Amino acid sequence: MDKTQPHPLFKLATELGPLLVFFIANAKFHLFVATAAFMVAIVAAMAASYVVTRHVPLMALVTGVVVLVFGTLTLVLHDETFIKVKPTIIYGLFALVLGGGLLFGRSFIAILFDQVFNLTPKGWRILTVRWALFFLCMAVLNEVIWRTQTTDFWVGFKAFGVIPLTMAFAIIQMPLIKRFQLEPVSLEASDAAEGNVGNNSN
């Protein structure tokens, strides 16, 4: 089944919306209410993505599953450590998948981000290494923040720091993508090539 490409604003809303719900619920109530609201918002975002595009991106799916598991542990055990360590688990998992894939000569960056880039093998390797290191750094940063700062500060960073950092890092990668981008074969060039093959065969 073909995937419908969502509007960039819709994609941003499904990514940022649950984080805003998490931040607002924590500000008005406390972390446990915010965790429950976050879980509901994550499920709603995935459902909306599927309804609109008939597809749920792999990154969103993995994130959603981890949120539900660690959110449930947080509420059942009434221990906020689980929801705070959740980003570390997600970032560490992404870094492990990307880094491990490279060891076997595979680049999973396009699958992870649900995007298709037409890059050279060298471009794929460099891009994958950069994102693996980025996720590793984000895992370490999350650990440092939740262990040394207040809960409110951590929630604020999660809501308003993670996405800007990720977007900024993605923008920084654009020169790399352009440098190693493989130009698609145009329809005219393809027709000309087929014509040449036909002429040579006569």
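## A nonpolar surface patch

Ile111 sits in helix H5, which spans residues 109-112. This is a predicted model. Ile111 has a relative accessible area of 48%.

Ile111 belongs to a nonpolar surface patch of about 680 Å². Which helix gives the most to the nonpolar patch? Helix H3, residues 58-77, does, with 7 residues.

## Helices H7 and H8

Two packed helices are described by an angle between their axes and a distance between those axes. Helix H7 covers residues 151-160, and helix H8 covers residues 162-172. Their packing angle is about 35°. Their axes lie 4 Å apart.

On the H7 side, the contact uses Phe157, Lys158 and Phe160. On the H8 side, Val162, Pro164 and Leu165 meet them. By class, the contact of H7 with H8 has 5 nonpolar residues, 1 charged residue and no polar ones.

## The chain as a whole

The chain holds 10 helices and 0 strands. Along the sequence, the pattern reads α-α-α-α-α-α-α-α-α-α. Of the 202 residues in the chain, 35% are buried.

The accessible surface of the chain is about 11800 Å². Carbon and sulfur atoms account for 71% of that surface. Contacts also reach along the sequence: among those between residues at least 6 apart, 68% join residues at least 24 apart.

Key
Residues numbered from 1 in each chain as written. Predicted model: local features only at pLDDT ≥ 70, side-chain atom pairs only at ≥ 80, totals over all residues. Heavy atoms only, no water. Axes fitted to C-alpha atoms, helices over the stretch in contact; angles between N-to-C directions. Helix = DSSP H or I, 4+ residues; strand = E, 2+ residues; numbered from the N terminus. Contact = heavy atoms within 4.5 Å. Nonpolar A, V, L, I, M, F, W, Y, C, P; charged D, E, K, R; others polar. Buried < 20%, exposed > 50% of the residue type's maximum accessible area, 1.4 Å probe, protein only. Areas by Shrake-Rupley, 256 points an atom, 1.4 Å probe, with all protein chains shown as cover. Patch = residues over 30% accessible without salt bridge, like charges linked within 9 Å, V, L, I, M, F, W, Y side chains within 5 Å. Salt bridge = Lys/Arg side-chain N within 4 Å of Asp/Glu carboxyl O.
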